[in-house]
Amino acid sequence: MALSSRLFSKSKLIYVSQILLQKENAIPVRHFAKGSAPPVLKGDQMLKNIFVEVKNKFETAIGILKKEKITIDPEDPAAVSHYAKVMKTVREKANLLSESQDILSTIELETQDIPDARTYLLTLKEIRTKRGLTDDLGAEALMIDALDKVEKELKKPLLRDDKKGMDLLLAEFDKINKKLGIQKEDLPKYEEQLELKLAKAQLEELKKDALEAMETQKKREEFKDEPDSVDVKTLDIRNFL
């Protein structure tokens, strides 16, 4: 997960967070949550609805996983690609957020009431830190420098609803993006790379868990006549669902 997060921090997070900085471009959380917010409910009915929704999502995910042969081989690009496609189907059919959508939803939720640009950028840094994301490109420092420059020119703190000031800041951000090699048209490519990195990390976890489970099993008396080792690539997780 940390590996995929580092990739994301270098691309889409930087660009989209700059766009969300403008209050008029802030995207409602419901757009990332795959549907409008449900009506307010109380007590048992709300808990029942939550339970039913979680149950339906779980059954949908299991139903898809039972139909797909997943090879637990994180070193095989074909296996990683197939697993990424399966998990994408699971998210789409079960109405779940992707990693990037979840991050952007968090940004929108935690910054929607922030009036000024500086607090917004500092909050973005807090979100990144809590998520375990790394700013390998040094984008945060560059954006703060850009904000310092604009506020010095304006001779006042920059508010997010100050169109003239925000235009100046976003022009500075465009220079930063160009310097870092971040382009809007490349975002789908970064998204795909993120999903592949995440898929590989998850397959590595599955492989680790499988090896640990087999090692534990070999120590049990009832399995003493079983083969000493099994290649995890031959396992079919459908048999364990």
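**The whole chain**

Begin with a cartoon view of the protein, bearing in mind that this is a predicted model. Coloured by secondary structure, the protein shows ten helices and zero strands, so that the order of elements from the N terminus reads α-α-α-α-α-α-α-α-α-α. If you then colour by accessibility, 37% of the 241 residues count as buried.

**Helix α10**

Next, select residues 187–218, the 32 residues of helix α10. A distance drawn from the first C-alpha of α10 to its last comes to 47 Å, close to the 46 Å expected at 1.5 Å a residue. Now show the side chains of the buried residues in α10, which include Leu187, Tyr190, Glu191, Leu194, Glu195 and Leu198; further along the helix, Ala199, Ala201, Leu203, Ala210 and Met214 are buried too.

Turn to the second largest pocket, which holds about 360 Å³ of space. To find its centre, select Lys88, Arg91, Glu92, Glu191 and Glu195, the closest to that point of the 15 residues that line the pocket. Which elements give two or more residues to this lining? They are α5 (77–94), α6 (99–111) and α10, and the largest share, six residues, comes from α5. Colouring the lining by class brings out eight charged residues, alongside four polar and three nonpolar ones.

**Asp162**

For the last stop, centre the view on Asp162, which sits in the loop between α8 (139–154) and α9 (163–180). Is Asp162 buried or exposed? Its relative accessible area is 18%, and because buried means under 20%, Asp162 is counted as buried. With the side chain of Asp162 shown, look for two backbone nitrogens: that of Gly165 lies 3.0 Å from a polar atom of the side chain, while the backbone nitrogen of Lys164 is reached at 3.3 Å. Finally, set aside the neighbours of Asp162 within four places in sequence, and display Leu154 and Lys156, with which Asp162 is in contact.

Conventions: Residues numbered from 1 in each chain as written. Predicted model: local features only at pLDDT ≥ 70, side-chain atom pairs only at ≥ 80, totals over all residues. Heavy atoms only, no water. Helix = DSSP H or I, 4+ residues; strand = E, 2+ residues; numbered from the N terminus. Expected span 1.5 Å × (residues − 1). Buried < 20%, exposed > 50% of the residue type's maximum accessible area, 1.4 Å probe, protein only. 1 Å grid on protein atoms, 1.4 Å probe; cavity = no way out; pocket = protein on both sides within 12 Å on 5 of 7 lines; lining within 4 Å. Points joined across faces, edges and corners; volume = space filled by probe spheres on them. Nonpolar A, V, L, I, M, F, W, Y, C, P; charged D, E, K, R; others polar. Polar contact = N/O pair within 3.5 Å; in protein donor to acceptor, adjacent residues only side chain to side chain. Contact = heavy atoms within 4.5 Å.
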